[in-house]
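Let's take a walk through this structure together. Have the sequence and the 3D view open, and we will go from the overall picture to single residues.

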Amino acid sequence: MNEIILTDNQLALSVVEQIAKVEQSIKELSALQDDYKSQLSQIMSDRKIKDIDNEYFKITFYPESESPRLDTSKLKEEHEEVYLSCLTKSKKKAFVKITLK
């Protein structure tokens, strides 16, 4: 029996190809999901429906709004000591980034 033995590079390439296929599927499904959500949002807005709640799901419509945001660049530039005193550190989990070309 002939057994195919993959090198580490071939194995990595195979995994990356599978990830690329999954990423493409996710991208397509995400675009479709965004379109459906946009349609639903428009319907709920037009008909002034705040929420839909039944035994299977709950959908809540949130109209466009404004909320305050902190301009950290401006704070750092104008009040660097305050900016530095308010900084906190958080750990990030290790990850792999793949950029498709």
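Of the 101 residues in the protein chain, buried ones make up 3%. The chain exposes about 10,600 Å², and carbon and sulfur atoms supply 54% of that area. Please keep in mind that what you are looking at is a predicted model. Its pLDDT averages 88 over the protein chain, with 89% of the residues scoring at least 70. Among the helices and strands, confidence is lowest in strand 1, residues 51-53, where the mean is 90; helix 2, residues 72-78, has the highest, at 95.

Now for the layout. The protein chain has three helices and two strands, and from the N terminus on they follow the order α-β-β-α-α. Helix 1 counts 39 residues, and the distance from its first C-alpha to its last is 56 Å.

Let's stop at a few places along helix 1. L11 itself counts as partly exposed because its relative accessibility is 45%, which lies between the 20% limit for buried and the 50% limit for exposed. Further along helix 1 you will find L40. With a relative accessible area of 30%, L40 is also partly exposed. L40 and I59 are 19 residues apart in sequence, and their C-alpha atoms are 9.6 Å apart in space.

K48 is a residue other than glycine, yet its phi has a positive value. K48 belongs to the loop between helix 1 and strand 1. Is this lysine buried or exposed? K48 counts as exposed, because its relative accessibility is 73%.

Our last stop is another loop, the one between strand 2 (58-60) and helix 2, where Y62 is placed. At 68% relative accessibility, Y62 counts as exposed, since the limit for that class is over 50%. Along the chain, Y62 and D51 are 11 residues apart, and 9.1 Å separates their C-alpha atoms.

Terms used
Residues are numbered from 1 along each chain as its sequence is written. This is a predicted model: local features need pLDDT of at least 70, side-chain atom pairs count only at pLDDT 80 or more; totals for chains, interfaces and linings use all residues. Side-chain values use heavy atoms; hydrogens and water are left out. pLDDT is the predictor's confidence in each residue, from 0 to 100. Helices (H or I, at least four residues) and strands (E, at least two) are DSSP runs, numbered from the N terminus. Buried means under 20% relative accessible area, exposed over 50%, partly exposed in between (1.4 Å probe, protein chains only). The expected span of a helix is 1.5 Å times one less than its number of residues. Accessible areas come from the Shrake-Rupley method with a 1.4 Å probe; for residues, only the protein chains shown count as cover.
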